[in-house]
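I set out to look through one structure and to note what I found, entry by entry. The sequence and the structure come first.

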Amino acid sequence: MVGCSAPNCANKTEKGFRLFTFPTDEKRKAIWLQNCRLDKWKPTSNSRLCEDHFEENQWELHRADEWRKLKPNAIPTLFNVLNPPKKLISTRRSTYKDPFFSEIAGGATITENETANLGVGNGTALSHEAFPAGEEEQIKQLKNEVASLKEELQKKDSMMKSFLNKEQIAALQQTPNKWSAESILLGLKLRFSLGVNGYNFLRETKYPLPSIATLNRHSIDSNKNRKRKAEMFGTSSKKRKKLS
């Protein structure tokens, strides 16, 4: 049977509790032992601490697999002992200016009093507790992925603008209220080149183009305008002939 090594704790795996080995890093191991109030005790490879001794802020959040996992540099603080260690909940806001880091770190700032309680020394900041080594590497990876996605998005945006106008790009997101003369002219050329069936097939592939009804309406309007211009110019020419 594997049981918890903390004083006054009888939790075991058989009772459904998860247990964790002591850190191999000597500094972190010393902090765990200090908080357990077992400074002079040396843990073995079989020594464990159960999940009840870790605050909620010591667990990873928003995991895709929904697995409850300790942070790489988690510190146990919940013990049933005399003069128990203080909790790691921050008493002030993080002074870190980068909002990207602040959001991922969850504002896990550790005060000087809490630092001293962890056995590091008065006034000495924990270099990796607010941003554990594993999380720092993950943050760097996430920032690199964001930069890569931005670059890829810019390339796709440039490629799309090379053969689509602004209206067509907007039409990919929603149908525009009014097509410009340039888009109508392009639609008419494609309709006459491909035929009605070919044009409709092209629109079914989500290529942004005006509908056949829109093209027909503009064609009728254009024909009416041409007739009006012809009548106007014809009347003017007749008047000039009479005057001459």
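The entries below record what I looked up, by topic.

**Basis.** I am working with a predicted model, in which local features need pLDDT of at least 70 and side-chain atom pairs count only at pLDDT 80 or more, while totals for chains, interfaces and linings use all residues. Residues are numbered from 1 along each chain as its sequence is written, and side-chain values use heavy atoms, with hydrogens and water left out.

**Confidence.** I looked up pLDDT, the predictor's confidence in each residue from 0 to 100. Its mean over the chain is 74, and 65% of the residues reach 70 or more. Over residues 90-131 it stays under 50, and there the model has 65 contacts beyond four places in sequence. A contact means heavy atoms within 4.5 Å.

**Overall layout.** I took helices (H or I, at least four residues) and strands (E, at least two) as DSSP runs, numbered from the N terminus. The chain has seven helices and two strands, and its pattern along the sequence is β-α-β-α-α-α-α-α-α. Of the contacts with a separation of 6 or more, 54% join residues 24 or more positions apart.

**Surface.** I counted a residue as buried under 20% relative accessible area, exposed over 50% and partly exposed in between (1.4 Å probe, protein chains only). Buried residues are 30% of the 244 in the chain. The chain exposes about 17400 Å², 54% of it supplied by carbon and sulfur atoms; these areas come from the Shrake-Rupley method with a 1.4 Å probe.

**Helix α6.** How far apart are the end C-alpha atoms of α6? I found 22 Å for the 24 residues of 181-204, short of the 34 Å that a straight helix would reach at 1.5 Å a residue. The expected span is 1.5 Å times one less than the number of residues. I also found a bend of about 115 degrees at G195, the bend being the angle between axes fitted to the seven residues ending there and the seven starting there. Buried residues in α6 include S183, I184 and Y199. After α6 comes K206, with a positive phi near 75 degrees.

**Cysteines.** I searched for disulfides, taken as pairs of cysteine sulfur atoms within 2.5 Å, and the count was zero. C36 is buried, at 0% relative accessibility, and C50 is buried with a relative accessible area of 0%.
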